[in-house]
Structure formats: structure tokens, C-alpha cells
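Visitor: Please show me the protein, and then let us go through one position in it before turning to the whole chain.

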Amino acid sequence: MTPLDKGLYDSVSAAFSKRFGQSPALVVRAPGRVNLIGEHTDYNDGFVLPCAIGPSTMVAASRRDDNAVHIVAVDFDNAVDQFDLTGPVGRNAEQPWADYVRGMIMALQNDGHALTGANIAIAGNLPKGAGLSSSASLEVAVGKAMLALANIEIDHTRLAQLAQIAECDFVGTKCGIMDQLISAQGKPGHALLIDCRSLELMDAPVPDDVAIMIVHSGVTRGLVDGHYNERRRQCEAAAGAMGVAALRDANLDMLAAAGLNAVTTARARHVITENQRTLDAAAALAKNDLTALGVLMAQSHASMRDDFEITVPAIDELVEMLQNAIGPVGGARMTGGGFGGACVAVMPAARVASVRAAISAGYKTPEDAAPLIMVERPGPGVAIL
Ligand code: GLA
């Protein structure tokens, strides 16, 4: 266990024992993720290139003899939630975090899994609202824990699909599959090139001398983001107008011929070009060509800023600062759903110290503080510890 995992393991286990008066039967860890490139492509049946990271959500759990689920959330001041598996289970209006747990458990039951009552403690060390998938990791961890308590094993891609259903249908964010899938299937030392139509996972090794840096802008996003669903609707409208199942199937010639309005055209142009950039980035990474990768990341960021309009000025400033500090070998872009959150940068490991120093000194969050900087290597997906 890494020191980071050990600290979280101890805190979730202690919270469980304090609340329920016994040690947990199991502890599950599901990681957050950073997406290297391929943004808002997943729900367009396209390609993404994420990797799992060190910070995670942990769920400590034990069976109960009844049908109740009792939950304590360490990161929300030990707030509690409680409901009955025999339902009906609605949303918890006061505690949005609880909906990810409720939604996941409902999705498992609706898929036919016979669950048992459970006591659950939850703790995480992912910054919330940073676009690093704290909610997906919560869903995946809860799903894995509930299934394990009932002695049920399912394929981790299926687990991710059920987590996505929880988020889309119960919580109401019409997200794609990327976050849940990489949290479930992450692989140490590797990013995964994911075909979000076939759900094929292709290994993209990250060379040992390459560092992945994540810098949180300090601008936080809402949990259920209206802008996100709006972007998805615009993409679906564009695909429909071009007569294709998804923007994955469109190209720039088709877009030019379609005569869509300027905004819809720009949204579709982002997705069409981003899909190609993602494939090209995976090829560049395979050749350890960080210069080419950096160019693609810069183009991705410009496309998110100008065509998809999901960046904010603080993020644009941070990306520019990162790129200047990195130089031509490597790159930076916003990562995740947008409207704030974190930036990802890829660079030779030897450059980490100077880039860190430049960003710590140069960038200030909206609260006028130095930003949170994490240097990561790709880690494993969900597991029982
Ligand atoms: C969020 C969603 C993902 C994906 C990204 C943008 O993280 O949960 O499904 O759409 O935004 O790439």
C-alpha cells in the first residue's frame, strides 16, 4: 500500500469502527482519473486516453442482517444517510453525495443483483470539483463493495456501465463512460486508449521517464452541471442533422455540408477533431514523442476553449503558464468536463521540479493561494484491499 492509500485506509476503517462498533469486513479502493486527451468524446462514441491516479475513494463495509443500508461520509463531517433496499429509494435532497451511493445501489438491484443490507463508511482524498472523478470513483467503490458483500463477481466493464447508469439516471448528469471505466479498469504504468463505442481498452504505456502533473486551478465545478448536459444535447443534435448515429461517424466534410448554425458547428468540430487528436496522441505516446503529444494537447485545449467553450480564463492562464514552463517537449491542457477544475501536463520527469516551482510561484487560485500540484504515475483500477 502506498503511504497515501495507508492514510486513507486507516481513516475510513477508524470511521467505520467508531460508527458501527466493529471492524469492517472489507475495504474497497477505487481511483480517480486524469484524462490525457479526448474530452467530451466519450458520449459521442469516440476515443479517450485517461489513466487512473493515486488519490481515490475508499469504502469500508460489512453486511447487516436486515435490508437497511447505513452510510457515514467522513469527508462530509461524518454525515449519515440511511435507506432500505426494498425501496422505493428516491434522491436525498439534503445530501448530494448520498445520491451517488443510492444511485449505484439502485442500478445494481435493477440489474438483477440480490444485495444484502450493509454498513458503509466512505472517505476520499480526491479534491472535490477538480474534474478528477471523485464521484465516479465513489460509485465504482460502492458498487464493488456491495457486490463483494453479496459474494457476487462481475466484469469490471459491466460495473462501470452500471455506475454510469447511476449517474445518468439517478443523479442526472448525462455523462459518458470514461470516468467509471478507467476507475474500474485502470492499469499501473498505463494510460488506456478507450473506444467508447465498443468499450475496447487498448494499453498505452507511459514511459518511466515521463511525468504526469495535475494542477488544480482552484475554480470548482458544480456536481450536476447544466452546461454539461447542454453540450451533450448540442452534439446529439449535430449528429442527428448529419444523419449519423454519433459524432464518431462524422467528418469535417460532412460538417461543412450540413449547414448547421455556428454554435452547433463549433461543438461538432471540437468532437470530430478531438477524436483524431486522441488517436494521434496515443501514437505519439507509443513513440515517446512528447513534442508531438504537446502540440496535440495544445490543440485540444484551444478547441475546448474556442469551439466547445468549456474553459474559464483562470484555466486558460494556467495552461499557458504550464506550457511556457515545460517548453516544447511536452504539453498541457484542461482535463475533465470543464468550467473549472484541473489541468494536466505531460513532461519529461527531469522537468518536474522546475515546472512545479514556476507554477507555485506564478499561479494563484481565486482564493489567492498557491495551487494544489500532484505528480502522478498511472495506477491500478478498483480493488478490494
Ligand atoms: C466528465 C464526464 C465524462 C466525460 C468528461 C469530458 O468527466 O463524466 O463522461 O464526458 O466529463 O470528457
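Predicted model: local features only at pLDDT ≥ 70, side-chain atom pairs only at ≥ 80, totals over all residues.

Visitor: In which helix is Ser134 found?

Guide: Residues are numbered from 1 along each chain as its sequence is written. Helices (DSSP runs of H or I, at least four residues) and strands (runs of E, at least two) are numbered from the N terminus. With residues 134–149 forming the element in question, Ser134 is found in helix α3.

Visitor: Does Ser134 count as buried or exposed?

Guide: Buried means under 20% relative accessible area, exposed over 50%, and partly exposed in between, with a 1.4 Å probe and protein chains only. Because its relative accessibility is 16%, Ser134 counts as buried.

Visitor: Which residues is Ser134 in contact with, leaving aside neighbours within four places in sequence?

Guide: Contact means heavy atoms within 4.5 Å. Once those sequence neighbours are set aside, the partners of Ser134 are Thr57, Leu126 and Lys128.

Visitor: Of the 385 residues of the protein, what percentage count as buried?

Guide: The secondary structure of the protein comes to 11 helices and 13 strands, and its C-alpha trace spans about 60 × 50 × 35 Å along the principal axes. Among contacts between residues at least 6 apart in sequence, 73% join residues at least 24 apart. Of the 385 residues, the share that counts as buried is 60%.

Technical notes
Heavy atoms only, no water.
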